[in-house]
Amino acid sequence: MSRALGTKAEILSSVRDEPISGVVPDLIFFSVQEWYSGMSELVGGILHRFRNDRLAVRSSTLSEDKSGKSLAGHFHTRLNIPCQKDSIVEAVEAVIESYDSNLDNQVLIQKMVIGVTFSGVIITHELHSGIPYYVINYVEDSSRTDLITSGEGEHTTEYVHRNTPISKIRPPGFRQVIKVTRELEQLFQYQTLDIEFAEDANGTLHILQIRKLDFNWKSRAELTNRVQCLLDEVISFVEEQNKPKESIAGESTVWSQMSDWNPAELIGQHPTPLAVSLFENLITDTVWREARQFIGYRAVPGKKLLKMLAGRPFIDVRNSFNSWLPSDLPTGTENRIVDAWLEYFRENPHLHDKVEFEIAQTVIDFDFEEVFNRRFPGILTDQEFEAYQSRLADLTMACVLPDRQNSFQIAIERIRHLERLQSRGFARFGQDPIAHTVQLLNECRDFGTFPFSIIARHAFIFETILRSAVRKEAITDERLNQFHSSAQTILTELRRELIAATRCKSRRKDFLRRFGHLRPSSFDIESPRYDRRRSLFQHSPSQDFEEPSSGGRFVLGRGETSDLNKLLNGAGFDIKAQELFHLANRAVTEREYAKFIFSRHLSSILESIALWGNRFGLNRSELSYLTLSNILAASTSGTNESPAPRLREWSESAHQIIQDSRRLPLNQVIRDAGDLMIVVHGFGAPNFVTTLTTKGRSVLLCARDSNEVEIREKIVCIESADPGFDWIFARRPSGLVTQFGGANSHMAIRCAEVNIPAAIGVGERLFDILKRAPQIHLSCSDKVVRPIYGETNRSYDARS
């Protein structure tokens with residue numbers, strides 16, 4: 001039986017006696033006219049009906065939710081009002097004061113729900129596109145039920161596909177919310193509803209408000225169908241890939257945006273096709289696995305690391321995990337290790353950006369066996385474990401010991417070769433920008449990203465060993481931070497030269513000659529290079545700039561040296577403590593320099609493509625929606641016709657597909673098809689850098705902004721950061737927060753080097769809260785980052 005939809009109060013009253021799975025609290029409602037003409041009688045009736053209950057006084061106007069969007073929170077609400085005459089009158093008058101002059105508007109009085117543990121709002125369709133998802137915004141462990149509708153505080157957003165079976169919905173409290181929502185949809189003939197709910201400590205679900213939204217989602221049917229087709233494609237792909245594959249260990253896989261090479265950080269969560277194809281060409285098609293095999297890890301022939309799913313970059317974690325196994329393990333051992341790593345990841349998806357530190361063991365360190373037995377008890381026999389440990393030890397020693405012509409030295413020589421090529425200039429290719437591009441790509445792969453991958457792996461090996469020394473209490477975490485801040489990398493030079501160029505115009509040409517190729521979002525053709533940012537030198541050095549201060553020469557204490565030497569000897573490392581730190585420092589320094597050098601080639605590739613596009617009237621935005629394959633195909637077509645019309649058609653088509661894909665909600669980690677039906681935005685645990693604490697105003701920076709903003713003594717918020725953002729460290733930010741980034745990512749390393757407190761990779765939900773907050777409190781020692789709203793401070797504690 002269907003119900004007519006009137007005001008909120010009328011809707012709630014009409015369903016109170018219906019056999020639904022939720023409870024509608026006792027209520028009474030009246031019009032403004034009735035209040036003005038019979039206030040005493042109404043107050044008397046309220047006092048008699050509710051007696052000693054606490055009350056909620058809410059709006060119920062004729063204009064609410066009739067304008068194509070919900071007006072939740074637009075009018076006043078008064079909660080937890082004592083059932084006393086003066087309090088009732090004051091609350092009702094306050095609600096009416098927020099109305100227009102229509103005397104037929106109503107006021108809703110409800111019995112207050114006490115002991116709320118879980119509350120929120122569910123909307124029966126995504127309002128911007130009408131895609132078939134229930135959208136739930138909720139808070140947990142809060143006595144207030146209006147945090148969502150009022151727009152205050154922090155909340156979590158969850159998308160549940162309308163076809164999701166109740167049995168697949170977790171946790172159980174959500175099942176009840178969806179069940180009640182479906183019952184109400186049947187009562188009201190599937191009109192778009194906005195339902196406010198609260199669950200008490202007894203598990204009873206209370207329906208606080210029901211609004212009809214004047215939104216005809218059927219009018220968006222074409223868009224909805226396109227998005228549904230995208231979802232169906234992703235579901236089919238994930239189901240097919242979650243099977244055993246020939247020549248690769250592991251029964252299934254997991255897809256993650258940040259578990260290897262951090263694509264969401266380096267090219268963005270919604271990258272353009274050109275950025276993706278460059279990233280694939282230079283790194284994730286072949287270089288990622290060839291570099292690891294060169295070091296001594298398992299060969300993964302023919303396997304690619306990256307897959308685009310509905311416009312987002314995802315890492316095939318099974319392929320990634322295979323590439324971290326030492327070579328020549330028995331097949332059974334490989335399968336058991338990879339399956340154990342994958343299962344651990346499935347159970348702990350919040351570790352998605354720190355899998356090498358918290359899941360996969362890819363290096364022999366000081367507590368390797370202890371950690372392995374704690375995480376993966378009983379998966380290998382003693383003999384299998386000894387063989388695994390022995391092969392990994394051989395690989396680690398080959399990377400660590402300095403008296404060998406190891407992969408590290410070979411990689412450095414390749415980077416130096418690329419630097420020599422660059423010193424000869426980029427004019428050596430003649431006038432054909434496509435031939436120029438192809439040659440630059442080949443050089444960048446062979447002498448840039450390939451050796452960089454090797455050097456970065458060596459730096460990671462040393463970092464893993466040093467962290468295990470902290471766990472074994474041979475050195476403190478604070479001392480390790482001091483070591484990190486003592487490093488003198490290319491960033492030190494950049495900071496020094498930027499300050500000098502800002503103060504002295506004659507130094508600017510030299511600065512741009514060396515650093516002008518850098519750009520925030522290194523793979524984005526629309527992001528301006530330093531040499532195209534007019535405002536780069538416009539800030540006052542006396543106010544904005546700080547001379548780079550070295551963390552000083554790091555010297556181990558006598559006790560530290562003794563304890564570390566004991567650990568090194570016990571683990572079979574034929575080096576001493578001082579040499580370990582010297583080699584670790586060199587690995588970090590060379591990694592940052594290699595990144596700096598190959599990014600110059602990458603920047604020139606983008607400029608060469610822009611030059612080619614300019615010949616045909618294609619701007620950078622149009623080019624960004626083309627792939628390398630599109631560009632190469634058009635340049636070698638063999639016809640005299642301009643390729644511009646065809647290229648624009650490809651670009652426009654790709655742009656439309658990407659716009660549609662942005663509508664589809666996806667988790668950052670996809671374990672199976674179920675994770676495509678239920679999407680939670682913004683899970684994860686930040687990576688805190690240093691042990692410092694800071695508090696200050698926040699400022700949001702974007703890669704494509706050409707004008708730098710005031711950041712002195714502010715906490716800088718960046719969605720994803722790479723070397724192009726290094727200019728910020730020449731000024732005086734008090735802290736840094738990024739949405740994406742891992743424990744060993746570029747910005748984590750930079751902040752450790754300059755000793756700036758940072759929360760790296762806080763996730764989508766928390767980043768969205770922090771970037772909008774007036775101020776941020778960041779305590780790395782306590783692992784806490786939180787927004788500050790006047791006197792109301794709610795925190796995110798990474799330990800909880």
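The side chains of Thr437 and Ser608 are joined by a polar contact of 2.9 Å. A polar contact is a pair of N or O atoms within 3.5 Å; within protein, one must be able to donate a hydrogen and the other to accept it, and residues adjacent in sequence count only if both atoms are side-chain atoms. This is a predicted model: local features need pLDDT of at least 70, side-chain atom pairs count only at pLDDT 80 or more, and totals for chains, interfaces and linings use all residues. Residues are numbered from 1 along each chain as its sequence is written, and side-chain values use heavy atoms, leaving out hydrogens and water.

**Around Thr437**
- Thr437 lies in helix H17 (residues 433–471). Helices (H or I, at least four residues) and strands (E, at least two) are DSSP runs, numbered from the N terminus.
- Thr437 is buried, at 3% relative accessibility. Buried means under 20% relative accessible area, exposed over 50%, partly exposed in between (1.4 Å probe, protein chains only).
- Leaving aside neighbours within four places in sequence, Thr437 is in contact (heavy atoms within 4.5 Å) with Ile605, Ser608 and Ile609.

**Aromatic pairs**
- The whole structure holds 31 aromatic pairs. Rings of Phe, Tyr and Trp (its six-membered ring) pair if their centres lie within 6.5 Å; planes under 30 degrees apart count as stacked, over 60 as edge-to-face and the rest as tilted.
- One of them is Phe279 with Phe523, edge-to-face at 5.4 Å centre to centre and 85° between the planes.
- Phe279 is in helix H9 (273–284) and Phe523 in the loop between helix H20 (508–515) and helix H21 (541–544), so the pair ties together parts 244 residues apart in sequence.
- Phe279 is buried at 0% relative accessible area, and Phe523 is buried at 6%.
- Phe366 and Phe573 have ring centres 6.1 Å apart and planes at 75°, so this pair is edge-to-face.
- Phe366 is buried at 11%; Phe573 is buried at 5%.
- Ring pairs also link Tyr344, Phe368, Phe372, Phe376, Phe385 and Tyr388 into a cluster.

**The sheet**
- Four strands form an open, antiparallel sheet in the order E1-E4-E2-E3. Two strands pair if DSSP finds at least two bridges between them.
- Strand E1 (27–31) and strand E3 (78–82) each have a single partner strand, so one side of each is left without a neighbour in the sheet.
- Strand E2 (residues 54–60) pairs with E3 over three bridges. Arg54 has Pro82 in E3 as its bridge partner.
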